[in-house]
Amino acid sequence: MDTHFAQRRRRDLIVALCLAALAALAPLFVKDVYVQNIMVLTLMYAALSQSWNILSGYCGQISLGHALYFGLGAYTTALLFTKFGVLPWFGMLAGGAISALIAMALGYPCFRLRGHYFVIATIVIAEIALLLIQNWDWAGAALGIDIPMRGDSWLKFQFTRSKLPYFYFALALACIAWFVTWWLEDSKWGYWWRAVKDNPDAAESLGVVVFNSKMGAAAVSAFLVAVGGSFYAQFVSYIDPESVMGFQFSLLMALPAVLGGIGTLWGPVLGAVILIPLTELTRSFVGGSGRGVDLIVYGALIVAISLALPRGLVSVFSLRKGAAR
Amino acid sequence: MTISRRNVLLGATAAAALGPMAARAQTSEVAIGVIYPLSGASAQIGVDAQRAFETAADIINKNYDFALPLAKGEGLPGLGGAKIKLVFADHQADPQKGRAEAERLITQDKVCAVIGTYQSAVAVTVSQICERYGVPFLSADNSSPSLHRRGLKFYFRASPHDEMFSTAMFDFFDAMKKKGQKIETLALFHEDTIFGTDSANAQTKLAGERGYKIVADIKYRANSPSLTAEVQQLKAANADVLMPSSYTTDAILLVKTMAELGYKPKNIMAQDAGFSEKATYDAVGDKLEGVISRGSFSLDLAQKRPMVGLINEMYRAKSGKDFNDYSSRQFMGLIVMADAINRAKSTEGDKIREALVATDMPGDATIMPWKRVKFDEMGQNNFADPVLLQYAAKNFVTIFPEQAAVSEAIWPMNK
Amino acid sequence: MTAETIIQSLASGLLMGLLYGLIAAGLALIFGLMDVVNFAHGEFLMIAMYVTFFLFAFFAIDPLLSAPLVAAALFVFGAVVYLLIVRFAMRAKANAGMVQIFSTFGLAIVMRGLAQYFFTPDYRSIPQSWLGGKTVSIAGIYLPEPQLIGAMLSIAAFVALYFFINRTDFGRALEATREDAGAVALVGIDKNRVFALGWGLGAALVGLAGAIMAIFFYIYPDVGASFALIAYVTVALGGFGSVFGAFAGGIIVGLVEATTALILPPSLKSVGIYAVYLLVVFIRPRGLFGSM
């Protein structure tokens with residue numbers, strides 16, 4: 001292992017710890033719930049995008065159907081709680097496990113597909129799931145699931161006004177997703193993925209192990225996204241098929257990583273920190289006109305960043321610290 | 001109140017929006033949050049809603065000679081003539097965004113009440129947040145019956161819900177049967193959303209109770225690229241009455257597709273939505289002669305209550321459209337809420353809630369055909385009688401219930 | 001279920017399928033030319049429908065007459081989009097695939113916002129036109145004239161496209177540029193010009209589809225969304241790189257949609273389309289007629 005790489009990894013870990021500590025202190029200074037709400041969403045999208053990045057960035061299997069796992073996580077938690085009284089903490093794990101299994105079952109036939117065939121397959125599978133839930137009366141169908149609020153409780157993970165518990169959970173999830181990515185970068189899976197990216201011929205000789213590692217990546221990615229979905233169900237305390245499984249959610253999950261820097265450790269975090277506050281603020285303060293100005297700003301920004309910085313916003317930083325690469 | 005004083009207060013409200021430390025907005029201006037879709041697929045509804053709310057605020061804030069609460073005199077006399085200030089927010093039909101916007105309006109803009117939301121899914125989360133902050137929420141135009149049955153203390157709805165609307169339809173069928181018409185079979189055509197599902201559930205239940213046979217129950221995907229297969233099944237069933245629950249897009253496509261496939265339904269009894277939108281009649285009005293839609297508003301009322309026509313003129317000057325079922329309910333939503341705030345003589349949630357609970361507004365003091373506005377313990381106004389309107393000679397005329405009707409129903413619509 | 005219902009379903013499905021094919025043709029052409037999937041394809045369709053609507057509203061030009069005008073307008077629009085955005089997306093040295101997806105996706109959002117800004121979010125439609133609401137009835141089977149004309153136009157467009165690609169100099173230049181952009185530069189073909197014309201042509205095909213659709217469909221800023229996914233599935237099902245594949249894909253999608261609605265509740269009819277797509281690519285990973 002070259003020393004630059006080891007140095008960079010150590011530095012990344014220290015930076016991450018510092019950032020996490022700073023973020024953990026942020027609520028001491030930010031008391032406004034609207035801003036806290038934006039912080040929760042930013043952390044949630046950072047976590048989701050980081051998880052998406054494991055499969056789509058590092059493995060190069062671009063999924064635009066991750067809303068499937070998000071929705072599975074949200075629905076498993078909400079259904080287990082409202083129908084059987086199972087606490088959301090267990091629902092979260094169950095949703096994660098189910099999603100990981102489904103991701104592997106789907107990965108088996110889908111990883112044979114290349115490029116756009118794979119992308120469209122992921123979109124279409126998520127759409128099928130959306131339509132099935134939308135027509136499944138027991139699961140609330142279009143009516144969705146309203147999670148009853150019975151006062152603050154850590155056990156049931158619901159809080160009437162305070163955003164802090166949600167904030168710390170989202171922060172923890174973002175840290176876990178980041179750490180898993182950090183750890184994978186240096187694992188044998190990480191090496192294989194890099195090898196395959198640098199040298200397509202290597203893919204042939206590594207065929208089986210790479211395939212297995214992709215299955216693993218799909219499972220890890222789906223598990224974390226599903227936990228994010230469970231979190232969302234608790235945070236919003238109401239879910240319906242369109243709002244947790246719609247196609248736009250798959251895109252929203254991918255956007256921070258794409259704009260921040262796909263296949264990079266810091267891309268999703270950076271992308272989420274810039275993108276989410278921006279979308280929330282433009283909607284709140286420009287969207288009220290009813291004339292679509294917020295859409296124009298938002299769309300133009302996506303076009304501009306993806307054209308100007310194909311490696312993502314993170315490339316602006318790594319240029320300055322070129323020595324580390 | 002002088003202009004300069006108002007400017008100072010506006011400045012103060014702006015400051016309040018910037019920092020959480022600022023004091024609760026002064027009572028000389030009462031901020032009310034209005035949450036609608038202002039971008040995305042249903043943005044037009046939100047834009048029309050803005051005009052309806054502005055019309056209502058105008059009537060409250062300025063002096064008009066209408067028999068409507070708060071029309072006479074300027075502002076809210078109970079709060080020293082304080083003016084209503086509307087704060088609009090965009091929820092983009094997303095429950096999560098609706099929730100976040102409600103919270104922002106309550107905590108930053110210090111609104112003392114919230115009105116919304118068009119989409120029922122968003123009303124679920126917005127009303128939840130209002131409950132948590134003890135701020136009254138008024139469903140101006142949500143018709144999902146599940147909304148008021150969730151045990152919320154701060155939830156209110158002055159207008160009817162889908163079960164009340166559907167009951168009126170079946171009352172009408174029963175009345176027509178007594179007059180010797182043959183009505184035995186029904187075909188339901190509804191979208192796969194909360195609105196469509198609730199509407200179909202209510203209709204299925206009523207059909208069972210009153211002995212009508214449902215020969216086709218077509219649930220379709222909203223905004224489908226084609227409705228050909230759906231229309232074929234309706235055509236094959238050829239029920240005595242077709243009962244669509246569809247928004248504007250699908251309503252237009254449904255009517256066009258029916259014409260293309262040579263299907264003329266004997267009668268159409270629509271659950272409002274797309275069938276009360278001007279865009280639908282601009283597009284396919286010629287094929288809709290005789291269609292009946294439920295509604296909670298009728299311009300016919302202007303004959304008995306001239307102010308309805310005058311207020312409609314005010315709205316048309318702003319929006320270029322006549323009041324329809326949605327905009328009229330939105331208009332009334334603000335009047336009912338402002339009336340309660342005025343009586344509460346306070347902008348505190350609990351006091352406004354008490355005033356809302358005590359609301360008893362006679363039907364004459366509204367622009368609606370309602371008996372009165374009086375909320376039950378769940379916050380639902382059960383005196384909001386729906387009406388049935390028939391589209392005839394390019395106009396909607398009230399045909400049911402009898403006390404509101406101005407003309408006989410044309411039945412069947414297509415022989 | 002009577003035989004008449006089944007025949008009517010298949011006939012309607014076939015007509016709709018040919019129209020899906022026409023909508024997807026431009027997407028297939030652009031992809032075949034330069035491996036770029038245009039995620040703003042649905043919005044191109046939306047613009048075409050608005051152009052048709054405004055030509056009707058302001059100049060009373062029937063959609064049937066305005067179709068060539070709409071195609072021409074979209075041709076210019078497509079070429080401009082290539083020159084202003086896609087050209088740069090293709091130059092990306094890293095993550096080319098993602099840059100293309102998200103720059104065109106961002107464009108789609110901007111186009112929706114602009115449509116809302118300039119045209120308002122209100123629903124429009126063309127109430128009276130030569131073909132609107134007219135229908136041909138053969139032995140109890142109804143064939144709406146707009147869709148019938150659309151289907152014929154679709155067949156004609158695909159035939160023309162076939163000859164264009166295989167029998168003209170420009171078509172050969174397109175093919176050659178696709179295969180080796182560097183080599184064609186040596187023989188004096190400007191790659192950007194060829195690609196811009198390719199985008200123009202692809203957009204012009206959507207223009208034709210939009211003009212026909214405007215006769216019987218409603219128009220509003222988000223209308224493209226309903227058709228975009230169907231167009232992607234159509235092209236992928238037929239196989240990327242094959243224009244004929246889009247034609248076959250369209251027909252299959254139309255027929256599958258119609259038959260699924262006979263078996264399952266209509267709200268699930270798209271599930272049939274998606275399931276057939278998955279089935280096909282799991283057996284043939286390059287789609288039915290794909291070359292890449």
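These are my notebook entries on a predicted model, taken contact by contact.

**Entry: chain B and chain C**

I began where chain B meets chain C. I found 32 residues of chain B in contact with 32 residues of chain C. Next I looked up which elements of chain B give two or more residues to this side, and they are helix H2 (43-61), strand E7 (213-220), helix H7 (228-237), helix H8 (248-260) and helix H9 (278-284). H8(B) gives the most, with 7 residues. Sorting this side of chain B by class, I noted 14 nonpolar, 11 polar and 7 charged residues.

**Entry: chain C and chain A**

Then I turned to the contact of chain C with chain A. Here 40 residues of chain C are in contact with 32 residues of chain A. On the chain C side, two or more residues come from each of helix H3 (63-91), helix H4 (96-119), helix H9 (224-238) and helix H11 (269-283). I marked H4(C) as giving the most, with 15 residues. By class, I have 29 nonpolar, 9 polar and 2 charged residues for the side of chain C that touches chain A.

**Entry: two helices in chain A**

How do H2(A) and H6(A) pack? Helix H2 (residues 33-58) and helix H6 (residues 164-185) of chain A pack at an angle of about 20°, with their axes 8 Å apart. Angles under 35 degrees count as roughly parallel, so I wrote H2(A) down as roughly parallel to H6(A). Their crossing is left-handed. I listed some of the residues that meet: from H2(A), they include Met39(A), Leu43(A), Ala47(A) and Ile54(A), and from H6(A), Phe167(A), Ala170(A), Ala174(A) and Trp178(A) are among them. The residues of this contact divide into 17 nonpolar, 5 polar and no charged.

**Entry: the domains of chain B**

I found 10 residues of domain 1 in contact with 13 residues of domain 2. The side of domain 1 that touches domain 2 has 3 nonpolar, 5 polar and 2 charged residues.

**Entry: a hairpin in chain B**

Last, I looked at strands E13 (residues 387-392) and E14 (residues 395-400) of chain B, which run antiparallel and are joined by 5 bridges. Which residue stands opposite Gln390(B)? I found Val397(B), in E14(B). E13(B) and E14(B) form a hairpin with 2 residues between them. In the turn, I noted that Ala393(B) has a positive phi of about 50°.

Technical notes. Residues numbered from 1 in each chain as written. Chains lettered and ligands numbered in written order. Predicted model: local features only at pLDDT ≥ 70, side-chain atom pairs only at ≥ 80, totals over all residues. Pairing = 2+ DSSP bridges. Helix = DSSP H or I, 4+ residues; strand = E, 2+ residues; numbered from the N terminus. Contact = placed C-beta atoms within 7 Å. Nonpolar A, V, L, I, M, F, W, Y, C, P; charged D, E, K, R; others polar. Axes fitted to C-alpha atoms, helices over the stretch in contact; angles between N-to-C directions. Parallel < 35°, antiparallel > 145°, perpendicular 65-115°, else oblique. Left-handed = near helix turned anticlockwise from the far one by under 90°.
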